[in-house]
Amino acid sequence: MTGKPLESAAPPRQRRSTSAAALLLVLVVAVLLVAQARSAWTIGVAYRYALPLYEVMRLRYATVYDEHNPHRTRLNSFAHKRSLPEPGDHLVTTPNADTLYSLAVLDLSGGPVRLEVPDTAGRYYSAALLDAYTNNFSIISRRTTGARGHSFIIVGPGWERAEPPDGAQLIHSPTATALLLLRILVDGPQDLPAVRQLQDGFRLGASPLKEAGTPPRPVAGDAGSFVAVVNQALADSPPPAADAAMLKRIAKAGIAPGAGEPDPALSAQWSTYLPLQQKLLAWLVGG
């Protein structure tokens with residue numbers, strides 16, 4: 001009985017060649033996945049490190065440069081909130097419901113800023129100073145400096161002159177950009193006129209500003225904008241020397257002083273991973 005001859009098995013050499021090609025493909029895919037994971041991790045580290053700095057620059061731009069903000073003010077000047085906060089209001093933090101807020105964005109690159117604090121007659125107030133990385137470096141309040149009037153000289157990095165001759169207290173800011181967040185207690189709506197008058201008693205005087213162009217505009221959700229804003233801020237307000245290792249690490253993600261926007265390849269990675277990092281951080285914070 002005759003039948004169709006059986007097909008012969010592939011030669012051993014061909015089978016080995018096919019297995020090697022499959023293994024090589026698996027290795028290439030694995031290397032690509034590891035590289036993507038490393039890129040995503042590095043961008044995540046860079047995002048979390050740079051976010052406080054970006055938020056300060058975003059607030060600075062909105063307060064001083066945003067033409068769509070009808071309440072914008074100049075650098076080294078107070079923007080006063082004249083009414084009590086309502087649900088949904090946000091300034092730097094979620095506001096208290098029984099205090100009036102004032103905010104000043106300080107630029108110390110051209111010289112000191114003088115803060116005059118009036119006599120608050122025992123009323124609670126707090127003037128918190130934050131550097132460009134949102135670190136509190138001084139708090140002026142009834143508890144720390146008393147309720148009587150006083151003068152303060154706020155200076156930027158590298159200030160080495162003598163103490164002020166008129167008895168003003170010297171305060172050193174770690175960065176050239178700083179925020180001054182003022183809160184004053186309000187004892188009900190009928191107390192608002194008195195507190196508004198007290199707000200006007202807190203006065204700022206500054207040296208002439210250095211001439212500088214408008215900083216990069218922060219654009220929500222835009223990866224290139226995030227990197228450009230942060231890189232300019234790193235150049236203007238360098239981080240402490242202790243962060244050198246971190247800066248070396250995140251330079252791989254295009255975050256470096258004065259580097260501007262990242263190249264096209266890094267931009268594509270940021271555009272891919274930034275939304276994921278934002279969602280992850282929101283989930284971690286929100287629990």
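Ala-121 is exposed, with a relative accessible area of 73% (exposed means over 50%, buried under 20% and partly exposed in between, using a 1.4 Å probe and protein chains only). This residue sits in the loop between strand 3 (113-117) and strand 4 (125-131), and its phi is positive, about 55°, although Ala-121 is not a glycine. Helices (H or I, at least four residues) and strands (E, at least two) are DSSP runs numbered from the N terminus.

The model is predicted, so local features need pLDDT of at least 70 and side-chain atom pairs count only at pLDDT 80 or more, while totals for chains, interfaces and linings use all residues. Residues are numbered from 1 along each chain as its sequence is written, and side-chain values use heavy atoms, leaving out hydrogens and water.

A positive phi is also found at Asn-76, near 60°, again in a residue other than glycine. Asn-76 belongs to the loop between helix 1 (12-65) and strand 1 (78-80). Because its relative accessibility is 7%, Asn-76 counts as buried.

Of its 287 residues, 39% are buried. Among contacts (heavy atoms within 4.5 Å) with a separation of 6 or more, 70% come from residues 24 or more positions apart.

Helix 6 (residues 264-286) contains Trp-283, which counts as exposed because its relative accessibility is 57%.
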